[in-house]
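Let's take a walk through a protein together. Have the 3D view open, and we'll go from the inside out.

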Amino acid sequence: CTLCQSFAPNNVCIVTPERLGLCGAINWLDGKAGFEITPTGPNQPVLKGNELDRAKGAWEGVNDFVSEQSRNTVPGFNLYSIMEAPMTSCGCFECILALVPEANGFMVVNREHEGAETPCGMGFSTLAGSVGGGVQTPGFMGVGKQYLLSKKFLSAEGGLPRIVWMTREMKEQLGPALAKRAQEIGIPDLLDKIADETIAVTPDRLMEFLQKVGHPALSMKPLV
């Protein structure tokens with residue numbers, strides 16, 4: 001999808017059955033229908049081509065398409081990774097994933113959250129200024145809220161167990177679905193181990209909480 005190139009000229013959003021558009025408004029079936037209705041429109045089919053890296057989600061055909069549609073400014077990206085050549089972000093993302101190096105994991109802040117204090121030191125607006133515009137920012141990425149429930153969510157880095165903090169609003173909004181996904185991956189109490197702004201807004205307080213509850217991210221492979 002290149003619908004957002006009117007304000008982020010180099011942004012290309014690859015929508016898959018396991019990853020909806022970062023705006024949260026377009027899933028794979030929407031994109032497919034959009035192309036059938038308007039073959040010359042912003043929704044175009046992409047042939048995956050040769051597999052370059054299964055774990056990170058890299059395909060030659062996808063990279064060629066991204067390079068061409070970004071006017072050769074983005075050589076390609078990994079669909080399942082946030083740390084190495086992540087997908088670009090335009091500016092209309094529903095939420096932002098940000099690296100919290102002290103916790104060996106990531107935080108999630110949604111657009112509606114008005115608080116400026118988060119464990120990474122930046123609120124949504126400040127983060128958006130760094131992440132948006134069609135650039136690749138390893139460790140930071142705009143996504144649709146429902147992507148957190150995908151089986152491919154950050155799978156190159158370990159998936160949902162990497163989430164150490166999210167806003168209370170998101171925990172309440174996605175709660176039942178997140179709990180179900182946590183059950184599926186064998187960590188039924190994961191949601192209780194994820195902090196929010198009522199528990200911690202600084203790295204030190206966050207680490208105290210994560211160590212107390214035994215968050216799985218602390219024992220995972222180092223991100224940096």
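Start in the middle. The largest nonpolar core has 63 residues, and the ones that touch the most other members are Ile14, Leu97, Leu148, Ile163 and Leu206. Strand S3, residues 95-100, is the top contributor to this core, giving six residues. Keep in mind that you're looking at a predicted model. If you're wondering about the general pattern, nonpolar side chains in soluble globular proteins tend to be buried together.

Now zoom in on isoleucine 14. Which residues is isoleucine 14 in contact with, once you leave aside its neighbours within four places in sequence? The list is Arg19, Val46, Val62, Phe65, Val66, Phe77, Leu79 and Met87.

Next, follow S3 to its partner. S3 and strand S4 (residues 105-110) run antiparallel, and six bridges join them. The hairpin of S3 and S4 has four residues between the strands, and here asparagine 104 takes a positive phi near 60°.

Is S4 mostly covered or mostly open? Mostly covered: six of its six residues are buried, each with under 20% relative accessible area. S4 also pairs with strand S6, residues 163-166; these two run parallel and are joined by three bridges. To spot this pairing, find valine 108, whose bridge partner in S6 is methionine 166.

Time to look at the gaps. Rolling a probe the size of a water molecule over the atoms shows where empty space is left. The largest pocket here has a volume of about 550 Å³. Its lining is made of 26 residues, and Val15, Thr16, Trp28, Pro45 and Val46 lie nearest its centre. You've met Val46 already, as one of the contacts of isoleucine 14.

Where does that lining come from? Helix H1 (28-37) and helix H2 (60-69) each supply at least two residues, with H1 giving the most, five residues. Sorted by class, the lining of the largest pocket has 16 nonpolar, five polar and five charged residues.

Finally, the second largest pocket has a volume of about 270 Å³. H1 turns up again here: H1 and helix H4 (168-184) are the elements that give two or more residues to the lining of this second pocket. In total 15 residues line the second largest pocket, with Pro17, Glu18, Arg19, Gln146 and Ser150 nearest its centre. By class, that lining has six nonpolar, four polar and five charged residues.

Conventions
Residues are numbered from 1 along each chain as its sequence is written. This is a predicted model: local features need pLDDT of at least 70, side-chain atom pairs count only at pLDDT 80 or more; totals for chains, interfaces and linings use all residues. Side-chain values use heavy atoms; hydrogens and water are left out. On a 1 Å grid over the protein atoms alone, a cavity is a set of points where a 1.4 Å probe fits but cannot get out, and a pocket is an open set with protein on both sides within 12 Å along at least five of seven lines; lining residues have an atom within 4 Å of a point. Grid points are joined across faces, edges and corners, and a volume is the space filled by probe spheres set on the points. Ala, Val, Leu, Ile, Met, Phe, Trp, Tyr, Cys and Pro count as nonpolar, Asp, Glu, Lys and Arg as charged, and the others, Gly among them, as polar. A nonpolar core is a set of buried Ala, Val, Leu, Ile, Met, Phe, Trp, Tyr and Cys residues joined through side-chain atoms within 4.5 Å. Buried means under 20% relative accessible area, exposed over 50%, partly exposed in between (1.4 Å probe, protein chains only). Contact means heavy atoms within 4.5 Å. Two strands pair if DSSP finds at least two bridges between them.
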